[in-house]
Amino acid sequence: MAGPRYSAAEVARAAGLEHAPTPEQAAVIEAPLRPLLVVAGAGSGKTETMAARVVWLVANGLVEPDQVLGLTFTRKAAAELADRVALRLRRLTAAGLWAPRTDEAGAALLGGTPTVSTYHSFAGRLVREHALRLGYEPDSRLLTEAAAWQYAAEAVARYDGDLAEMDKAESTAVTAVVDLAGELAEHLLTPADLRAELDRVVAALDATPLAPKANGLPSDLAKVRAHLRARRAVLPMVEDFTALKRARDAVDFADQVALAARLAAGFPDIGEGERGRFAAVLLDEFQDTSEAQLVLLRSLFVAPGRPVPVTAVGDPHQSIYGWRGASASTLTRFPDEFADGAGPADVAQLSTTWRNDRAVLAVANRVARPLREHSRVEVAPLQARPGAGAGDVAVARFPTHVA
């Protein structure tokens, strides 16, 4: 089989880019069409590289534009990626390097653009199309954070149990309900699952052998036990909160992703449809995906005999969504979870940062060294960009915040 017609550098020139890709970027852009994990350091141009990867695949005829799916966390990032790809494809057409498909009359076909959206929007589309299979209305109302908080406040207000064990104000209890419900959904767990686990751990604490003449559990274990019992006390209100949403045909963002994951895992034909539609998938900020998102994506795009090559980009040092069930460990799991018939996914690095000069990077690498040493995912030290300046780092210690 003949190799690609154009290199990453040739496509970059035709697209009018000022700089050719670095060797690391070229390796990612020109990687074989199979699963790939890209560990991208801060400022290493991951959005640029993702856009270049899509354009290179299209220019070489490996995929059509509308066979590409790109997912990221924010609408801004999705729009930026989509705009870069669209602009470069237009430039390739003008340069005569690539041309969109045409109909019999020679007119360009409509719809020949990549699908780029947020993870939640993508999950929402699956829920709208298939929610009835799980007994949910496809047009269920998506709650804002404020509306979800109001539902939780209603669940707390009408709870007739004893809140004394929680030792919380009503507003704090509302926040606890919203947070715990979201965490359960992101982990694809139910209140019953958590109740059973809490009971198991508390029973083990109660069975802890005590020292002679001890009056009870040591203070640190007693605090843990009290915290777990307080967490258990929230569960009836979480169940009422969930029931309220279900009765009113409403879902929040965490529910939406959890429903999409359950649909994808439970109905194989949904994945068959998505794999028939997309030939390449790019996942941004993969270190911030939750268990539910991981299950959703694996169920859709990993299948014996017909997987879709998934490229995931992330940096364990930049994980920011641990509060809602995300974990940088998803990067560790990616090579095996998204393996194809040839074995685990390949792993590549992007370490050249385009933001900082050399002195700043020296300090950053020194500060981040403990993170690299304890990371289960190899993260290369950041390298200076070509032509980077010497840079300047100032350190000062002040006696007050005013000073």
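Reply: This is a predicted model: local features need pLDDT of at least 70, side-chain atom pairs count only at pLDDT 80 or more, and totals for chains, interfaces and linings use all residues. Residues are numbered from 1 along each chain as its sequence is written, and side-chain values use heavy atoms, without hydrogens or water.

Me: Why are H5 and H10 called oblique to each other?

Reply: Helix H5 (residues 119-130) and helix H10 (residues 253-266) pack at an angle of about 60°, with axes 8 Å apart. Axes are lines fitted to C-alpha atoms, for helices over the stretch in contact, and angles run from 0 to 180 degrees between N-to-C directions. Under 35 degrees is roughly parallel, over 145 roughly antiparallel, 65 to 115 roughly perpendicular, and the rest oblique. H5 and H10 are therefore oblique.

Me: Which hand does the crossing of H5 and H10 have?

Reply: The crossing is left-handed. That term applies if the near helix is turned anticlockwise from the far one by less than a right angle; clockwise is right-handed.

Me: Which residues make the contact?

Reply: From H5, His120, Ala123, Gly124, Leu126, Val127 and His130; from H10, Phe253, Gln256, Val257, Leu259, Ala260 and Leu263. Contact means heavy atoms within 4.5 Å. By class, eight are nonpolar, four polar and none charged.

Me: What makes S2 and S6 a pair?

Reply: Two strands pair if DSSP finds at least two bridges between them. Strand S2 (residues 68-72) and S6 have four bridges, in the parallel sense. Val68 stands opposite Ala280 in S6. S6 is also joined to strand S7 (residues 310-314) by three bridges, again parallel. There, Val281 stands opposite Val310.

Me: Are the residues of S6 buried or exposed?

Reply: Buried, meaning under 20% relative accessible area with a 1.4 Å probe, protein chains only (exposed is over 50%, partly exposed in between). In S6 (residues 280-283), Ala280 and Leu282 point one way, Val281 and Leu283 the other. In a regular strand, side chains alternate between the two faces of the sheet.

Me: What makes S3 and S8 edge strands?

Reply: The open sheet has six strands in the order S3-S2-S6-S7-S1-S8, with parallel pairing. S3 (115-118) and S8 (346-350) each pair on one side only.

Key. Helix = DSSP H or I, 4+ residues; strand = E, 2+ residues; numbered from the N terminus. Nonpolar A, V, L, I, M, F, W, Y, C, P; charged D, E, K, R; others polar.
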